6 protein chains.
Amino acid sequence: MTTRADGRADDELRPISFTRGFTSHPAGSVLVEFGGTRVLCTASVTDGVPRWRKGSGLGWLTAEYAMLPSSTHERSSRESVRGKIGGRTHEISRLVGRSLRACIDLAALGENTIAIDCDVLQADGGTRTASITGAYVALADAVAWLGAAGKLKDPQPLSCAIAAVSVGVVDGRVRLDLPYEEDSRAEVDMNVVATDAGTLVEVQGTGEGATFPRATLEKLLDMAEVGTSALFEAQKAALALPYPGDLPGAK
Amino acid sequence: MTTRADGRADDELRPISFTRGFTSHPAGSVLVEFGGTRVLCTASVTDGVPRWRKGSGLGWLTAEYAMLPSSTHERSSRESVRGKIGGRTHEISRLVGRSLRACIDLAALGENTIAIDCDVLQADGGTRTASITGAYVALADAVAWLGAAGKLKDPQPLSCAIAAVSVGVVDGRVRLDLPYEEDSRAEVDMNVVATDAGTLVEVQGTGEGATFPRATLEKLLDMAEVGTSALFEAQKAALALPYPGDLPGAK
Amino acid sequence: MTTRADGRADDELRPISFTRGFTSHPAGSVLVEFGGTRVLCTASVTDGVPRWRKGSGLGWLTAEYAMLPSSTHERSSRESVRGKIGGRTHEISRLVGRSLRACIDLAALGENTIAIDCDVLQADGGTRTASITGAYVALADAVAWLGAAGKLKDPQPLSCAIAAVSVGVVDGRVRLDLPYEEDSRAEVDMNVVATDAGTLVEVQGTGEGATFPRATLEKLLDMAEVGTSALFEAQKAALALPYPGDLPGAK
Amino acid sequence: MTTRADGRADDELRPISFTRGFTSHPAGSVLVEFGGTRVLCTASVTDGVPRWRKGSGLGWLTAEYAMLPSSTHERSSRESVRGKIGGRTHEISRLVGRSLRACIDLAALGENTIAIDCDVLQADGGTRTASITGAYVALADAVAWLGAAGKLKDPQPLSCAIAAVSVGVVDGRVRLDLPYEEDSRAEVDMNVVATDAGTLVEVQGTGEGATFPRATLEKLLDMAEVGTSALFEAQKAALALPYPGDLPGAK
Amino acid sequence: MTTRADGRADDELRPISFTRGFTSHPAGSVLVEFGGTRVLCTASVTDGVPRWRKGSGLGWLTAEYAMLPSSTHERSSRESVRGKIGGRTHEISRLVGRSLRACIDLAALGENTIAIDCDVLQADGGTRTASITGAYVALADAVAWLGAAGKLKDPQPLSCAIAAVSVGVVDGRVRLDLPYEEDSRAEVDMNVVATDAGTLVEVQGTGEGATFPRATLEKLLDMAEVGTSALFEAQKAALALPYPGDLPGAK
Amino acid sequence: MTTRADGRADDELRPISFTRGFTSHPAGSVLVEFGGTRVLCTASVTDGVPRWRKGSGLGWLTAEYAMLPSSTHERSSRESVRGKIGGRTHEISRLVGRSLRACIDLAALGENTIAIDCDVLQADGGTRTASITGAYVALADAVAWLGAAGKLKDPQPLSCAIAAVSVGVVDGRVRLDLPYEEDSRAEVDMNVVATDAGTLVEVQGTGEGATFPRATLEKLLDMAEVGTSALFEAQKAALALPYPGDLPGAK
């Protein structure tokens with residue numbers, strides 16, 4: 001039987017951790033780790049909303065994803081220096097934003113914006129799924145901070161939790177939470193964003209260089225469910241702890 | 001029973017047409033129409049490959065998608081004037097490229113590139129799926145041109161046909177090939193790229209502002225299969241005709 | 001006697017056609033063809049005027065010209081991808097705008113803007129003159145639409161028609177409406193924008209790699225007059241027909 | 001009788017001067033003054049040619065025009081800070097390049113480039129015509145320097161002199177060499193680039209907000225001839241003097 | 001007597017720490033902390049040198065500094081999204097590069113480049129001095145890695161250690177290592193980059209909104225020496241430990 | 001004894017001159033010359049202040065520095081054409097702004113901005129110090145113009161004069177006001193901005209490729225004082241003359 005390079009079972013996540021309060025300026029700040037993938041996810045509250053939304057009475061949630069140049073195996077060039085954002089960065093930023101907007105009632109914010117930043121400190125596969133999963137925790141902390149500050153119109157604006165995981169077919173086997181070594185040679189690659197209410201938010205399956213039968217899609221979805229269930233447990237456990245340094249008057 | 005604004009059944013495509021040879025400079029040039037959505041899809045052959053692929057002996061296929069400013073209900077601003085490409089444009093360009101690379105043996109091209117351009121002349125929902133479906137026809141024509149010119153290392157580099165269709169949940173009903181009017185208020189929206197060999201290339205389902213159970217995903221995939229089957233028929237019929245103005249020596 | 005590659009007499013235009021209502025979202029939308037040159041010219045009405053014109057009570061007319069990457073003999077790179085607009089594009093956009101502003105009373109629009117877009121679908125010489133000539137027809141349709149919608153302060157804001165044609169010296173002969181094959185080797189090249197009132201709007205003659213005596217200029221102007229007269233006839237004939245799909249309530 | 005604000009006759013140029021050797025690094029460096037319009041025109045010799053011209057054995061001449069932010073009546077913003085070049089700048093840069101390429105045999109340069117820079121220190125109308133007229137003098141000096149350095153394949157690569165002047169209709173009168181005060185309210189505006197061999201290089205006449213009969217065009221061309229004749233005299237007189245600081249071994 | 005908000009003496013550094021091996025892909029990776037200021041400093045080895053240095057046989061060291069959007073008290077906008085780098089970022093990147101080039105013999109690298117990245121995770125004053133001080137440690141680790149890999153022409157290419165500290169006049173008192181709260185209201189602000197050989201690399205003192213006598217400059221330099229001495233001790237102590245996870249064959 | 005290539009003593013400035021009123025549109029316009037370095041420094045008054053300063057009642061002073069492409073020994077590329085500003089340009093622009101803000105009471109301007117432009121016409125070392133020194137003179141003239149126009153809230157908003165000079169160690173000797181030939185091979189390079197009240201505004205010393213003891217820093221500061229003293233004399237003498245062309249009603 002083929003085993004994975006890191007010794008995991010096919011349906012096993014890498015070690016997952018959430019370090020809340022990793023930095024202190026944003027309302028929510030979480031270092032999420034999916035094995036060697038480490039992403040700093042923050043949720044900052046800023047006044048006002050984008051122009052097209054002004055006067056609606058509704059808030060907004062926006063997200064930006066980026067990789068540090070030193071986060072990849074070979075150093076990658078800095079997008080600010082190149083003067084433009086690459087397509088992959090754009091695509092993931094949009095995915096993170098859409099995913100988190102699925103769980104929040106934006107009317108509760110009034111005309112304010114929550115800006116999610118997912119900055120990858122170290123990349124080892126699954127940076128987009130770790131980003132979404134960590135960003136939910138940062139968002140929950142930011143919402144708690146807003147509530148404590150009396151800035152919410154509805155005290156419970158989050159209707160569910162959001163987590164995401166990658167699944168794929170590697171060496172002919174359906175596997176969960178692919179590290180870079182597996183991701184780079186997967187025949188099929190899929191990212192699933194789900195809620196802890198048992199529903200789906202986003203499903204993106206792709207078979208570059210190969211195509212796949214629907215039966216494979218079904219197996220991948222089953223496998224993803226195993227992963228997101230475990231992630232919801234981990235999020236819940238992390239959020240059950242008090243916010244580090246949670247003093248009266250602290251931001 | 002709810003009926004659709006344009007009178008179609010839930011599982012019915014809009015009128016589909018392919019006008020091959022719509023312009024004459026590219027090796028393949030197709031105007032594809034999915035109802036009111038009209039996209040000019042071209043496949044141009046250019047010498048050489050991107051730097052990172054040089055010396056591999058392999059060809060490349062790249063794709064760019066764009067909307068004319070006048071193609072949308074309200075005129076949109078021109079990306080070249082703004083000086084940057086938006087995230088949605090980036091995302092779709094990448095999707096078109098990945099989708100078409102799934103059907104072609106790039107080794108057959110030698111170190112040459114096929115550049116796919118999908119320029120939306122008129123947008124009425126489903127521009128990305130029309131782009132992929134039309135681009136396949138343009139690609140088939142470009143490959144035929146390359147073969148006739150003796151420039152292919154393998155005479156049959158296309159392993160299957162590629163088509164894409166949008167499906168969604170609108171007014172609580174699963175529907176095929178959404179026009180703008182339905183797309184803009186769909187609860188769930190999904191794009192499926194498939195092959196005529198019965199496999200999938202890419203599945204992207206999203207529920208912005210709502211989430212959806214897996215049972216809905218299954219119904220959406222069933223519905224998509226109805227659509228792509230009909231699109232493969234239409235592609236085959238279009239390609240069965242001789243290329244317009246197909247004179248000896250013509251490009 | 002030297003004859004032209006396409007069999008035309010020196011003072012003969014290529015086949016000219018205007019397809020009004022080519023797309024349905026803009027107030028005016030015309031596919032203009034000068035032989036193999038095909039340009040989609042649209043006139044979109046947008047609220048407001050540029051900042052420097054606010055509070056003047058006057059409207060504005062702006063124009064943007066662009067070529068599809070696949071429109072040229074060899075595929076050209078996409079300006080939005082390069083991140084900047086080339087000098088030639090800038091120059092022609094400005095020419096189209098100036099030319100059309102010569103025929104319209106901008107006070108009649110109130111503080112609204114007509115945005116002209118000229119997108120070249122296929123280039124075979126004379127794209128800027130075809131753009132101006134087609135854009136006038138789109139502008140006339142947009143003005144009619146504005147009038148029908150009761151949005152004009154003056155019911156007849158157009159004081160004249162505008163058309164443009166290229167003339168040049170090729171093989172030592174003065175010729176009208178140069179296709180790419182002649183344009184690329186012309187000794188002198190001139191674009192003339194004129195009104196159907198017999199006046200000139202813009203004259204641009206250039207002799208890259210050669211200079212020319214004033215007598216040649218005079219012959220070129222005479223020849224241009226032959227061309228613009230015919231173009232005014234063609235515009236008038238096209239505009240005499242009812243707007244396609246001209247239903248009550250249609251935009 | 002209407003007189004001009006600066007007391008000139010309608011067919012009189014402003015005071016014209018050329019200060020050769022205004023700066024010392026470029027091979028040719030001329031401060032040209034047309035009244036209050038002052039442009040630093042330089043011609044720098046650089047090794048190599050643009051990529052598309054490599055291997056041709058031919059040289060190239062390129063030109064860039066720009067205005068200092070402080071050169072205009074109201075300070076204008078800096079194009080490098082805005083991050084893009086405006087359409088007007090592009091248009092004039094191209095005009096200057098085309099105009100000067102009309103007088104030089106590029107084969108004589110071998111695969112080297114002459115870069116013309118026209119930087120407007122003070123603008124008072126006619127900056128583009130002053131640029132061309134001054135740039136010719138800088139080019140002549142650069143060519144002399146190349147000849148003295150033994151770097152020319154043909155000792156006389158300049159076939160004629162080039163000068164340019166603006167003419168226009170102001171207050172209903174045809175006038176020569178318009179300052180800003182006249183230019184900004186001219187009914188018709190025309191720039192004529194000519195050679196001292198009596199031929200034309202470029203004619204650009206435009207009537208923004210007005211159109212003009214051909215008879216006016218003729219009068220404008222007559223008037224321009226008066227101006228360019230005087231400019232050729234002034235260029236000749238300036239070039240008859242030894243180059244300032246012309247020491248053996250000096251660049 | 002005035003005391004500092006954080007209770008430090010005027011000549012006392014904030015708690016300093018270096019976490020080597022903070023990320024695993026770069027050859028050197030150090031999280032440096034100066035109190036609440038935390039910067040991830042990495043040193044990546046890349047093949048080749050910039051174009052202007054090719055063929056010299058010499059290596060190069062380049063540096064880029066950036067702040068995460070969430071690192072500041074109020075979230076700042078992302079430079080990659082804005083499409084350009086701000087002046088402050090440029091200035092600090094150049095300073096870091098110059099400072100580290102002062103201690104390394106680039107000939108020892110052959111034609112290879114060390115790319116320093118300083119990404120600020122949390123900003124609380126002194127980000128540029130923390131960056132330089134931490135980057136030296138990352139550089140030392142990268143050099144050790146290069147040596148172990150047999151890629152150095154000279155086994156000891158570092159001639160000295162480099163550290164930097166900020167000093168300033170706050171509340172009329174000369175103080176060491178200013179946090180944001182002091183920095184933002186300092187009358188004079190100075191950054192000193194020094195070597196452990198007792199020499200200076202860079203001195204930048206500035207008095208925005210105020211000027212200062214030379215006597216103050218002298219006191220600031222004295223104070224800086226106190227700080228850099230302590231920093232050299234801390235660097236030495238950190239580098240005395242084995243590299244974390246330093247296994248045979250590890251990068 | 002080593003002498004300098006231009007025959008100066010080590011502590012001797014190059015010939016310094018200020019040509020006030022060099023151009024006529026800005027409120028202050030000075031051509032400053034430090035030997036072969038020539039910079040056009042202008043001070044333009046514009047309405048309003050940057051967004052972040054609105055409502056403060058305070059004015060602002062901003063500065064932009066740039067080099068003409070032809071100003072350098074080898075022609076340099078134009079930053080507007082490249083589409084971005086280089087780090088060195090950014091750094092110097094910021095230095096000029098900070099330096100001049102040290103001498104002006106911005107409250108006196110009301111919510112108006114003085115825009116300083118320093119455009120290098122010819123570069124021969126010391127362009128940043130010449131820029132600051134010349135810009136002070138232009139600023140003084142602009143302030144006088146504002147005062148005469150009754151636009152100042154405080155008639156004497158300038159508290160001191162500002163000048164800057166470069167000093168360095170070349171051939172082992174401390175020297176004043178380095179030309180390019182010395183600057184490019186200096187072991188230590190320092191720019192000092194000072195006030196005529198005997199205080200310092202900015203000190204930037206750097207030893208790329210070498211480090212320097214504090215004793216050298218002291219000698220450099222002594223030398224700089226010699227230079228700035230002479231520059232203050234020269235500024236005073238220049239400003240003692242009436243503004244050229246100073247007519248009633250002139251700007």
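Let's start with E:Phe212, which sits in the loop between strand S9 (200-206) and H5 of chain E. Helices here (H or I, at least four residues) and strands (E, at least two) are DSSP runs, numbered from the N terminus. Before I go on, some ground rules: this is a predicted model, where local features need pLDDT of at least 70, side-chain atom pairs count only at pLDDT 80 or more, and totals for chains, interfaces and linings use all residues. Residues are numbered from 1 along each chain as its sequence is written, chains are lettered from A and ligands numbered from 1 in the order in which they are written, and side-chain values use heavy atoms, with hydrogens and water left out.

Is E:Phe212 buried or exposed? With a relative accessibility of 1%, E:Phe212 counts as buried; buried means under 20% relative accessible area, exposed over 50%, partly exposed in between, with a 1.4 Å probe and protein chains only. E:Val188 is 24 residues away from E:Phe212 in sequence, with 7.1 Å between their C-alpha atoms.

Axes are lines fitted to C-alpha atoms, for helices over the stretch in contact, and angles run from 0 to 180 degrees between N-to-C directions.

Chain E has an open sheet of five strands in the order S1-S2-S3-S5-S4, with mixed pairing; two strands pair if DSSP finds at least two bridges between them. Strand S1 (16-20) and strand S4 (60-67) of chain E are at the edges with a single partner strand each, so one side of each has no neighbour in the sheet. On average, neighbouring strands of this sheet are turned by 20° against each other, direction ignored. S4(E) pairs with strand S5 (residues 112-122) in the parallel sense, over eight bridges, and E:Ala63 stands opposite E:Ile116 in S5(E). Helix H2 (residues 87-101) of chain E also packs on the sheet: H2 touches S4 and S5, and its direction makes about 145° with that of S4(E).

Now over to chains A and B. Chain A superposes on chain B by a rotation of 180° with 0.0 Å of shift along its axis, at an RMSD of 0.0 Å, using least squares on the C-alpha atoms of residues with pLDDT of at least 70 in both. The two copies are thus related as by a two-fold rotation axis. A:Gln204 has the C-alpha nearest the axis in chain A, 2.2 Å from it.

A:Glu91, A:Leu200 and A:Arg214 supply 21% of what chain A buries against chain B, more than any other three residues.

Notes
Contact = heavy atoms within 4.5 Å. Buried area = accessible area lost by both parts, 1.4 Å probe.
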